[in-house]
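Welcome to the tour. Open your viewer, keep the selection tool handy, and follow along one stop after another.

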Amino acid sequence: MSDRYAVIGNPVAHSRSPSIHARFAKQTGQDIEYGRLLAPLDGFVEAVERFRDAGGRGLNVTLPFKLEAFAWAARRSGRAQLAGAVNTLRFDRDGARGDNTDGAGLVRDLEDRLGLALAGRSVLILGAGGATRGVIGPLLEAGVARLTIANRTPSRAIELVDDFLRAAESRAPAGSALPGTPLPAGRLRGCGFDDAGGGHDLVVNATSAGLAGERLPIADALLAGAVLAYDMFYAARETAFVAQALAAGCPRACDGLGMLVEQAAESFLAWRGVRPLTAPVYEALRAEAA
Ligand code: ATR
């Protein structure tokens, strides 16, 4: 019988993960089955334990359960600890291991597919929710020189930075390249949209504004001055943020489909010990969406 995996969320019907993992499995010759698991909003733990007890080997976790998955996991990777959230569960003999592959997925997509070396760069992230929290550690580890988190509600960005620094102090993974905590003053900063400063090489949208097709209330100059604008969300059509960035004069903008494929590849690696090639899967999904 094939080893069973699934993505658990609510809603989950729209998830592209089954299609991505089916392609990875075919490509690498791994005998797995990967489905969708819709859990009731108040029934995450029960659904996970039922899946595990029926022989399931691992789960991807999507909204709104990443914090519950973090709390439930018996062990957590260093990057999950820094993210404060888990998107990948692996059911080991000695308990469930929680990992977070979102940030690694973003870094890989930026550096490998898009060719943007992050070391020494100034990066601006818009938004201060869970999506942002998941990527701070991996961006710093990739050597970003300045990471600014700007949010509509400035206090949330400031709190997020404080929370992250506290987590980094107490939980920085052994061998982490997070260069010494506390981080040098100014390397990581939270603020409002109006105080985001200038000179950012990369602007990343991690807000949920695009889901409603809303424009972000940020200055065009922030986007025009960047080499790349990156939307952590993706859609079959051009996202609102990609459209806004290009209209503002940013030379290059892309959505988060690549991040989705890369975070899936990291999960696949954690489960199967094999790293699939992502480029052909990205191309296939892009073509499918079009
Ligand atoms: P999650 O944890 O899933 O990322 P969240 O905590 O609701 O979700 O965070 C959503 C983010 O999108 C927040 O940074 C939110 O800004 P506020 O903290 O000010 O609410 C941001 N956001 C959502 N809609 C927005 C909009 N129309 N304009 C600007 N920011 C928006």
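Start by selecting Glu214 together with the ligand: in this predicted model, an N or O atom of the Glu214 side chain sits 2.8 Å from a nitrogen atom of the ligand. On its own the ligand has 650 Å² of accessible area, and the protein covers 75% of that.

At Ser208, a backbone N or O atom is 3.1 Å from an oxygen atom of the ligand. At Ala131, a backbone N or O atom is 3.4 Å from a ligand oxygen.

Now widen the selection to the whole shell. How many residues surround the ligand? There are 15, and the closest are Gly130, Asn151, Thr153, Arg156 and Glu214.

Time to zoom out. Where they touch, domain 1 contributes nine residues and domain 2 contributes 12 residues.

Stay at this interface for the last stop. About 860 Å² is buried between domain 1 and domain 2, with 60% of it coming from carbon and sulfur atoms. Select Arg16, Gln81 and Leu82: these supply 58% of the area that domain 1 buries against domain 2, more than any other three residues.

What about polar links here? Two residue pairs are in polar contact across the interface of domain 1 and domain 2, while the number of salt bridges between the two domains is zero.

Key. Residues are numbered from 1 along each chain as its sequence is written. This is a predicted model: local features need pLDDT of at least 70, side-chain atom pairs count only at pLDDT 80 or more; totals for chains, interfaces and linings use all residues. Side-chain values use heavy atoms; hydrogens and water are left out. A residue is near a molecule or strand if one of its heavy atoms lies within 4 Å of it. A polar contact is a pair of N or O atoms within 3.5 Å; within protein, one must be able to donate a hydrogen and the other to accept it, and residues adjacent in sequence count only if both atoms are side-chain atoms. Accessible areas come from the Shrake-Rupley method with a 1.4 Å probe; for residues, only the protein chains shown count as cover. Contact means heavy atoms within 4.5 Å. Buried area is the accessible area (1.4 Å probe) that two parts lose on being put together, summed over both. A salt bridge is a side-chain nitrogen of Lys or Arg within 4 Å of a carboxyl oxygen of Asp or Glu.
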